[in-house]
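Please look through the following structure with its sequence at hand.

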Amino acid sequence: MSGIDSTVLILGAGIAIAICIAAGLVAKKIRNRARDNLHKMALDPLQRSHSVKEIPADTHEISSDQDRDFSSAPLRKEIDCLQDKVDITQSLVALAEKYSLDEITIATSDGLLLASSLKAPSADNIARYCKMYTINSRPWPPGTMLFGVEHKGSFLVVIAKTKDPLLQEPDPELVYKTKDILNWWI
């Protein structure tokens with residue numbers, strides 16, 4: 001009888017090892033998929049989070065650049081956002097002035113303030129806007145632009161308030177200048 005008991009024990013141990021190996025392979029596959037998605041996000045700084053990619057875009061309102069009226073877009077002023085600034089806040093104030101923004105704030109994707117052109121931005125508003133951006137709760141509130149940037153492996157959300165209630169997409173140059181400021185100060 002002891003031969004049968006040891007065979008059952010060995011067979012049980014073999015099954016347990018096979019289950020552990022299968023679970024490890026599944027976990028590795030999930031981890032690799034998550035890492036690949038993170039790398040894809042880092043390659044395109046204007047790309048929204050993974051959950052946003054799964055939401056189909058409404059293509060009825062998309063028009064070509066020739067059909068768009070850019071006359072309402074504010075003119076850029078020739079302002080240096082980096083030189084002679086003492087901190088990131090002054091650089092963001094200059095950036096807001098350059099692009100005729102009321103304010104500009106940079107936060108982590110989970111809503112923690114990193115920097116702002118305001119002296120005391122509302123933590124509740126920052127958290128709310130970051131959540132709206134992350135889940136792609138469009139349209140944004142009137143006069144609000146939300147966009148993402150990748151900086152040193154972290155995904156950040158930029159909240160810009162404008163005087164124009166219809167302006168919701170950032171000028172690509174605004175995105176690049178925001179990255180320049182982050183690279184200069186952080």
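In this predicted model, the charged end of R128 is placed over the ring of Y129, at 4.7 Å from the ring centre.

The chain has 2 aromatic pairs. One of them joins Y133 and F155, whose rings are stacked with 6.2 Å from centre to centre and 20° between their planes. Y133 belongs to helix α4 (residues 123-134) and F155 to strand β4 (residues 154-162), so this pair ties together parts that lie 22 residues apart in sequence. Are these two residues buried or exposed? Y133 has a relative accessible area of 0%, so it is buried. F155 has 12% relative accessibility and counts as buried because the limit for that class is under 20%. Ring pairs link Y133 and F155 with W140 into a cluster.

The wider layout can be read along the sequence. The protein chain contains 5 helices and 4 strands, and they follow one another in the pattern α-α-α-β-β-α-β-β-α. Of its 186 residues, 32% are buried. Taking contacts between residues at least 6 apart in sequence, 58% join residues at least 24 apart.

How are the strands arranged? The 4 strands make an open sheet in the order β2-β1-β4-β3, and their pairing is antiparallel. The edges are formed by β2 (113-116) and β3 (144-151), each of which pairs on one side only. From one strand to the next, the twist averages 20°.

Strand β1 (residues 101-108) and β2 run antiparallel and are joined by 3 bridges; here T105 stands opposite S116 of β2. Between β1 and β4, also antiparallel, there are 7 bridges, and T108 is found opposite L156 of β4. Antiparallel strands β3 and β4 are joined by 8 bridges, where F147 has V158 in β4 as its bridge partner. The hairpin of β3 and β4 has 2 residues between the strands, and in this hairpin K152 takes a positive phi near 50°. Strand β4 is mostly covered, with 8 of its 9 residues buried.

Helix α4 lies across β1, β2, β3 and β4, and it runs at about 110° to β4. Helix α5 (residues 172-185) packs on the sheet too, touching β1, β2, β3 and β4, with its direction at about 50° to that of β3.

Leaving aside residues up to four places away in sequence, L92 touches I104, I106, A115, S116, S117 and I181.

Technical notes:
Residues numbered from 1 in each chain as written. Predicted model: local features only at pLDDT ≥ 70, side-chain atom pairs only at ≥ 80, totals over all residues. Heavy atoms only, no water. Phe/Tyr/Trp six-rings, centres within 6.5 Å; stacked < 30°, edge-to-face > 60°. Buried < 20%, exposed > 50% of the residue type's maximum accessible area, 1.4 Å probe, protein only. Lys NZ or Arg CZ within 6 Å of the ring centre and 35° of its normal. Pairing = 2+ DSSP bridges. Axes fitted to C-alpha atoms, helices over the stretch in contact; angles between N-to-C directions. Contact = heavy atoms within 4.5 Å.
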